[in-house]
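Here is a friendly note to read alongside the structure. Please keep the 3D view open and find each residue as its name comes up.

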Amino acid sequence: YGERAKLKDYGTETCRLTTDSQHKFGRCQISLDIATDPVATPSGHVYSREAIVDYLLTKNRELKRQRVDFEAQLNEEKQKSSQEASIEEQRQRNLFVRKSEGTIQKDQDQHASAFDSKIGKKIDIESRDTKKESLKRTSYWLSQNAPDHVKETLVAPPARPPSPMSGQPLRLKDLISLDFKVDEKDGQILCAVSGNALTTQEVVVIKKTRQVMLKEMFEKMAKPSMTCPVTGKRFKEKDVLELKKAATGYAASGKVQAKKYRHTLT
């Protein structure tokens, strides 16, 4: 037990999530409070309109700056390629002139190769490199052993900001307004049809009417006639969205374990 206690900082750690760690239905996925002016994304997650709009505006500004930096990088790479092509063209031109004048000489590598063949051996520099590597490990504070700066290569930013939960591209017009029926006593969200509290059950919303109800009530009262039981308006299959249900500390309600990967001793 003592050895295991000493090694508590190694190995993957698993933790059981309690009910307090789970999102309750109707809570904003950003502010974690009860959603005000609630909206849903195409993935079924619920947000407060103010929180998700502010998130999208912030992300759009970040993407705008990233596009400017990416375009600057492309222009820099284009100029660099143009300069390298110009230098190579000049080198080829000089080489042609030297050949045409009959004054071409061996380059440094060819001279070194010819010299090695004459003396019959090559200078072994492996031990010197090994010493340099050893010096880097023991005298890393020296300026010549400092790592060189590697410029980060930017990737093309996405066209739209990602959804906070699903990561899928999200636009303002993709947000779906919800009409929550709230219990004034305990603040729970109620089914628009049965009046039952929405906790860990499967829940759907009819986009056209914004009515939120239990999936069980939807299957019984709305789906057969494709008519909203609250407003009486007809809807289509594409107007139905299943919302992300809440969970508790019980395993049957969803994911109740969290894992943190850490290296193990072998």
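1. Let us start with a term: a residue is buried if its relative accessible area is under 20%, exposed if over 50%, and partly exposed in between, using a 1.4 Å probe and protein chains only. At 9% relative accessibility, Phe 25 therefore counts as buried.

2. A word on the source: this is a predicted model, where local features need pLDDT of at least 70, side-chain atom pairs count only at pLDDT 80 or more, and totals for chains, interfaces and linings use all residues. Residues are numbered from 1 along each chain as its sequence is written, and side-chain values use heavy atoms, with hydrogens and water left out.

3. Now the overall picture. The protein has five helices and 10 strands; these are DSSP runs numbered from the N terminus, with helices (H or I) of at least four residues and strands (E) of at least two. Of its 266 residues, 24% count as buried.

4. Which aromatic rings pair up? Rings of Phe, Tyr and Trp (its six-membered ring) pair if their centres lie within 6.5 Å; planes under 30 degrees apart are stacked, over 60 edge-to-face, and the rest tilted. A search of the whole structure gives two such pairs. In one of them, the ring centres of Phe 25 and Phe 180 are 6.0 Å apart and the planes meet at 50 degrees, so this pair is tilted. Phe 25 sits in the loop between β1 (13–16) and β2 (38–40), and Phe 180 in the loop between β4 (176–177) and β5 (181–182), 155 residues apart. Phe 180 is buried too, because its relative accessibility is 14%.

5. Phe 218 and Phe 235 also make a tilted pair, with 5.9 Å from centre to centre and 40 degrees between the planes. Phe 218 belongs to helix α5 (residues 215–222), while Phe 235 lies in the loop between α5 and β9 (240–243). Both Phe 218 and Phe 235 are buried.

6. Is Asp 174 buried or exposed? Asp 174 is buried, because its relative accessible area is 18%. You will find Asp 174 in the loop between α4 (126–138) and β4. A polar atom of the Asp 174 side chain lies 3.0 Å from the backbone nitrogen of Arg 171. Leaving aside neighbours within four places in sequence, Asp 174 is in contact (heavy atoms within 4.5 Å) with Ala 40, Pro 42 and Pro 169.

7. Strands β7 (residues 203–206) and β8 (residues 211–214) pair in the antiparallel sense over four bridges; pairing requires at least two bridges found by DSSP. Ile 206 stands opposite Gln 211 in β8.

Technical notes:
A polar contact is a pair of N or O atoms within 3.5 Å; within protein, one must be able to donate a hydrogen and the other to accept it, and residues adjacent in sequence count only if both atoms are side-chain atoms.
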